[in-house]
Amino acid sequence: MTEGQLAYIKEHMQENIDLLAALGRIPAPPGREDKRAAFIKQWLEAAGAKGVYIDDAKNVIYPVGCEGGGPVVVIMAHMDIVFPDTQELPVYIENGKIYGPGIGDDTANLVQLLMSIKYVISQKLHPSCGVVFAANSCEEGLGNLKGSRAVTEAYKGRIKEFISFDGYVGYVTNRAVGSHRYKVTVKTQGGHSFVDFGNANAIYYLSSMIQMLYKKQVPKEAKTTYNVGTIQGGSTVNAIAEEASMLYEFRSESYTCLREMEDFFNAVIAAYVKMGIDVSVEVKGIRPCAMGVYEKRLEQFTMENKALVEAVTGRPCQVVSNSTDANIPLSMGIPANTLGTVQGGLPHTREEWVDLDSIEDGFKIAMGIIMRYFS
């Protein structure tokens, strides 16, 4: 990095932390990121960005040098957090840490992106190819990567590389863990627990179905997992349950393994339907695996990002598999990485924290990656 870039980072550290605290207070459940999106758009425009817009997926998009049909690089960080709150979130600083729901995942990484963009604007830098900056929606929970899908679709056929800032520093994700998520609902006649004893109970059949799903031996080709995350149903202790439902998912890096799991799941559902049980299945999300990526190019891209992280931190950086916004470009054959820019802990809890001392190195990582594409 240049002396000017390093000086900018040091001079803007307090602004970085202040922005993190301000953005961290704004609620952003998946699909309801409107308040954060409006704040970010206004902030970018105040920094001098031209042409910023919010798309139909609620992504905040800032395209730089993307006119025409030439190649582009996408650099994003997601706005949404796992919590459903719609009121202001609690954020506080104590003993060198900043605390708040979603403060690290992914608010701190988003701030590193925004502060690096501000440097690009302030220096009037020009990209060597088109760069699409995005504060994207719907990465968490059942958002089903809607934001990432919208960006890659909008620039389909033009994206040569894709980077997402997400997670904690020291990891680079270059393998996509795909997942299928379903809501399964069982309905029966139900009735009074004493008068109608013997009538079919939806909870019984749902629990029986879960037992059958858990007998599945997972494929050995790649790590594959499954889980029933929630169950609900019934109305009271003296009523035979008329309805019960569950959320079920399976995951793998391998399309072959995902297909095997899907075939088994469909066979279980079919068996209960054949017994005359009223079963309905709702797809809640499909996250794809990687497909058709040129391995040598992906490896080169990953090693470049890994080396940059290690040069900044002085510590080893691991290459891992994960389920992130990068799943979408990887499934389209586009070299893509996801990497973190801060140190923290307790992600997906209301006590999540970020180490304030890690922000400077993270700022350098984000800036270093972005500067590759600007003269």
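Which residue is the bridge partner of V186 in β14? I looked it up, and V279 is the partner.

**Before going on.** I am reading a predicted model, where local features need pLDDT of at least 70, side-chain atom pairs count only at pLDDT 80 or more, and totals for chains, interfaces and linings use all residues. Numbering starts from 1 along each chain as its sequence is written, and side-chain values use heavy atoms, without hydrogens and water.

**Strand β9.** I found β9 at residues 178-187; strands here are DSSP runs of E with at least two residues, and helices are runs of H or I with at least four, numbered from the N terminus.

I then checked its neighbours, where pairing takes at least two DSSP bridges. β9 runs antiparallel to β13 (residues 243-252), with 10 bridges between them. In β13, R251 stands opposite S179. With β14 (residues 278-287), β9 forms nine bridges, also antiparallel.

**Helices α2 and α4.** Next I turned to α2 (residues 13-24) and α4 (residues 103-122), which pack at about 130 degrees with axes 9 Å apart. Axes are lines fitted to C-alpha atoms over the stretch in contact, and angles run from 0 to 180 degrees between N-to-C directions. That angle makes α2 oblique to α4 (under 35 degrees is roughly parallel, over 145 roughly antiparallel, 65 to 115 roughly perpendicular, the rest oblique).

I noted the contact (heavy atoms within 4.5 Å): among its residues are L19 and L23 of α2 and V111 and M115 of α4.

How values were computed. Buried means under 20% relative accessible area, exposed over 50%, partly exposed in between (1.4 Å probe, protein chains only).
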